[in-house]
Each structure stands twice: as structure tokens, then as C-alpha cells.
Amino acid sequence: MTTQQLYEQIQKKKSFLCIGLDVDLNKIPKHLLETEDPIFEFNKAIIDATHDLCVSYKPNTAFYEAYGIKGWQSLQKTINYINENYPEIFTIADAKRGDIGNTSTMYAKAFFEDLEFDSVTVAPYMGKDSVEPFLAFENKHTIMLALTSNEGAFDFQTKKVEDKELYKQVLETSKSWGNSENLMYVVGATKAEYFTEIRKIVPNSFLLVPGVGAQGGSLAEVCKYGLAENVGLLINSSRGIIYASNGTDFAEKARLEALKLQTEMSGIISK
């Protein structure tokens, strides 16, 4: 999927919502535990109930890997279901990979060719040769960690190196890498005041923004400082949507929570 196609979906749906499919068997409705594949059945219901309100789904692979081969099979069934039934949806493998060249190439092949995700999250700590292998895949996107929403982000990301914060150096340096037009960046919603500075460096790049909702981030604040001409934002909500109810009405309640965000986004886009 190209960024233009993603933008067209945003305009059509009046939404830049990304829904995180982070499935914990301890939190899903109990009646699903009786099915052959509870994780997939949960995801399928959420997807069917919300696909017209969002432009992206983001499974965090840890929530699947934790269940071994069965979890990985559930992930494959989930991405296959999205691609076959809602191919307009932008899919994100939230895997946070990053290793030296040959290894990164294999990670990229796993997510882009085998699972057929549109994008994957990566960690930039090992630098250029750990990220460029992901960027080599046509019409696939690499979403690089830039400024995250967790408390530990201040340990390194905002520290100054030669009078410039590290996250700014990461952003600036990455623009010089091969096929950097395929880069997107993770910027946490709880860091809304940093978006102005980030937009000076990457004015039109798409930013994946976790932290709205359960983590306390403000959609209005993020959009005030981070909105670009092409919108350029994918606002992720996971727990606030998918765990809106643990009863048999879980999909309906998830839709209502997604609709609240989509309605707010529609108002922002239409201004």
C-alpha cells in the first residue's frame, strides 16, 4: 500500500484511527475460550465491527508469540482475514525488530512476504544497516521508534548529544537512508508538546501515535501540533476499544468506543 492510498482511505472514512489488536486471553470474554481459536475469534469480531471506522489494525506480535505456535497461527489467520476481506486497511506488525543486515532482511521477509503486512515497527538503535533492509521492500513501510510514550523514554531519547536531543538526531539521520520515503515514525501521544519540533524535521511523514485513551494522551493536543497537510497521523487505541466490554456484547461496545474517536477525528479533518 502506498501512502497516497492510505491518505485516500483517511479522506474516505474521515478517520485516522488505528486499532491495536493486543489480545490477552485473561481479558477476552470467557465464552470465546470455548472456541477452537479464541484469539482469532476475538479479533474477527472486533474487525468486523470496526473496519469502517478505522484505517489501520496493529497487532502487537508479543501478544501472539506468548502463546507459541498457536498464537503465531492466530496472527496469521488474523492478517489473512484482514487482507482478504478488508484489503483497504493498512496493517502494522508491531514487532519492534532491528538487527544487523542479513537478520533484518529475514525479519522483513517474515512480515512483508510471508505474513503480508503493509508495515512493521523497528528499533533504530543499531543504525542504518539495521533499518535499510526493511526499506528495500516496494510499497512496504518501516515505522521507526522515534519518541515513545513510556516513562523510560527519558532515559535516552530526550538526552542531548552535542546540544541536540537524541530523538531529533535519529529523525534527521534517518532521512538520508536509502528509500527513506518508506519511513514512518512512532511518536507517543503523551509527548504532545514535542510534535511541533518533530514536524520541523519530518513535516509530512506519517506518525504512528500510541497512548491516546488508556495511557492518557489527548487526541486534540496531538492534532493541534502534529497534523500535517496529508493528515500524517495514525492514532492508535488498543485497550480502550477492544476491552470496552468482557461480555457477549464486546464487539458492539468496541464499535461504540471506536465511533467516539472516529467522530472526533471527522470533526478535526473537516475543519
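A crossing of two helices is left-handed if the near helix is turned anticlockwise from the far one by less than a right angle, and right-handed if clockwise. Helices (H or I, at least four residues) and strands (E, at least two) are DSSP runs, numbered from the N terminus.

This is a predicted model, in which local features need pLDDT of at least 70 and side-chain atom pairs count only at pLDDT 80 or more, while totals for chains, interfaces and linings use all residues. Residues are numbered from 1 along each chain as its sequence is written, and side-chain values use heavy atoms, without hydrogens and water.

Axes are lines fitted to C-alpha atoms, for helices over the stretch in contact, with angles from 0 to 180 degrees between N-to-C directions. Angles under 35 degrees count as roughly parallel, over 145 as roughly antiparallel, 65 to 115 as roughly perpendicular and the rest as oblique.

| Helix pair | Axes come within | Crossing angle |
|---|---|---|
| α10 (residues 219-226) and α12 (residues 250-269) | 11 Å | roughly 30° |
| α2 (residues 38-50) and α12 | 9 Å | roughly 45° |

The α2 angle makes α2 oblique to α12. The crossing of α2 and α12 is right-handed. Contact means heavy atoms within 4.5 Å. From α2 come Phe42, Ala45, Ile46, Ala49 and Thr50; from α12 come Phe250, Ala251, Ala254, Arg255 and Ala258. By class, this contact has eight nonpolar, one polar and one charged residues. Ala, Val, Leu, Ile, Met, Phe, Trp, Tyr, Cys and Pro count as nonpolar, Asp, Glu, Lys and Arg as charged, and the others, Gly among them, as polar.

The crossing of α10 and α12 is also right-handed. Here Leu219, Ala220 and Cys223 of α10 touch Leu261, Glu264, Met265 and Ile268 of α12. The classes are six nonpolar, no polar and one charged.

**The cysteines**

A disulfide is a pair of cysteine sulfur atoms within 2.5 Å. The whole structure has zero disulfides. Cys54 is in none; its nearest cysteine sulfur, that of Cys18, lies 7.6 Å away. For Cys223, the nearest is again that of Cys18, at 14 Å.

Buried means under 20% relative accessible area, exposed over 50%, partly exposed in between (1.4 Å probe, protein chains only). Cys54 is buried at 0%. Cys223 is buried at 7%. Cys18 is buried at 0%.

Cys18 sits in strand β1 (residues 17-20). Beyond its neighbours within four places in sequence, Cys18 contacts residues including Ser56, Tyr57, Ile92, Leu208 and Asn236. Cys18 and Phe250 are 232 residues apart along the chain, and their C-alpha atoms are separated by 18 Å.
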